[in-house]
Amino acid sequence: MRKNHPLRRVVLATAATVSGVVLLLSLKPSSDPGAAQAAGAGAAAQEAAQGGSGAVVSGTMTGDAAQTQYGAVQVRITVVNNKITKAEAVQAPKGGTSDQKTALAVPKLNADVVAKQSPDIDTVSGATYTSEGYKKSLQSAIDKANASAGSGSSQGSGSAQASGTFTGDAAQTQYGAVQVRITVAGGKITKAEAVQAPKGGTSDQKTALAVPKLNAAAVAAGSADIDTVSSATFTSEGYKKSLQSALDKAKATAGSSSGSGDAGASSGAAQAKTVTGSVAQTQYGAVQVRITVAGGKITKAEAVQAPKGGTSDQKTALAIPKLNAAAVAAGSADIDTVSSATFTSEGYKKSLQSALDQAGG
């Protein structure tokens, strides 16, 4: 084909055009710097949520409370096999227009977290402060999940690797305080009970209805991610807060151990220590218990105070030896009441639990 042939000129022109387009595409940035930075941050956050490289994380992590202009926001996430399966706000602004904004924003934020698996979520229009506080607390929860993975812990606070009895902080509600105690063995909640709950008037009925259901749910779920009992909303919410506090204490105790995951051995220490519980007042007199703990077990229990005088002498002489033996055998305050010495038994268990709390289990 001659150099000046028309068809040759068309082919050359087409080739030149294609080469120019390829060159322009190769020089064009893949994205603007801001977008690239956001993508990087999202990827890093997702890696944190998934427990870092190769680590498997499961459990419940509560972020630090983020203060906003209208109140605190605190987020709790549930992670199962490196995925966020649930997000919830345990604190959010209340009162006035904040109630409406919280009701509007929080469900959307919760759903967005589960969908995106990162703190890179959208701000809800009309609830900017709540959204920003939510994201800060969410990031804190994800950081805790990442730290849990980095420390080699395979479980979060929802499945504490401690063994023992842990009493959560009392949660104040509109109708009274709720306080939960759990017994943990082999990383599982084996028993949950409310040591405080609202009393008086209709609260008695609601407590009687709700607490057994909440106790059973806590054992079944192994976490504070349990359903609210209908018609006992305040009691349920208080229960869950105190339950989470107990789980956090179990996790903290496990974290301070020597990596065995057994908090009862507290840092592997086998050295015996003696702890005296608080005085428990009863209808017939004070009861106070002292225990000796070694290797994470109660090796001795004794009553340093017990009811005296009249028939109390006989009841004390009957009950205390049985209670002491039961405490050593059970290794906890979950022991039977001695028949005909109910008040002494209840006081004994309260003081025993106080001693166990001081001993760290």
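**Strands and helices**

Analyst: Thr 282 stands opposite Gly 285 in S11. The model is predicted: local features need pLDDT of at least 70, side-chain atom pairs count only at pLDDT 80 or more, and totals for chains, interfaces and linings use all residues. Residues are numbered from 1 along each chain as its sequence is written, and side-chain values use heavy atoms, with hydrogens and water left out.

User: How many bridges do S10 and S11 share?

Analyst: Strand S10 (residues 280-282) pairs with S11 over three bridges, in the antiparallel sense. Two strands pair if DSSP finds at least two bridges between them. Strands (E, at least two residues) and helices (H or I, at least four) are DSSP runs, numbered from the N terminus. S10 and S11 form a hairpin, with two residues between them.

User: Which way does S12 run against S11, parallel or antiparallel?

Analyst: Antiparallel, with seven bridges joining S11 to strand S12 (residues 297-305). Arg 290 has Glu 302 in S12 as its bridge partner. This hairpin also has two residues between the strands, and Gly 295 takes a positive phi near 60° there.

User: What about S9 and S11?

Analyst: Strand S9 (residues 273-276) runs antiparallel to S11, and four bridges join them. Val 275 stands opposite Ile 291 in S11.

User: How many residues of S11 are buried?

Analyst: Seven of the ten in strand S11 (residues 285-294), so the strand is mostly covered. Buried means under 20% relative accessible area, exposed over 50%, partly exposed in between (1.4 Å probe, protein chains only).

User: Which H3 residues are buried?

Analyst: Ser 98, Thr 102, Ala 105, Val 106, Leu 109, Asn 110, Asp 112 and Val 113. An α-helix has 3.6 residues a turn, so residues three or four places apart point the same way.

User: What follows H3?

Analyst: Gln 117, with a positive phi near 60°.

User: Last one. Which residues make the contact between H7 and H8?

Analyst: Ile 320, Leu 323, Asn 324 and Ala 327 in H7 meet Thr 344, Ser 345, Tyr 348 and Leu 352 in H8. Contact means heavy atoms within 4.5 Å.
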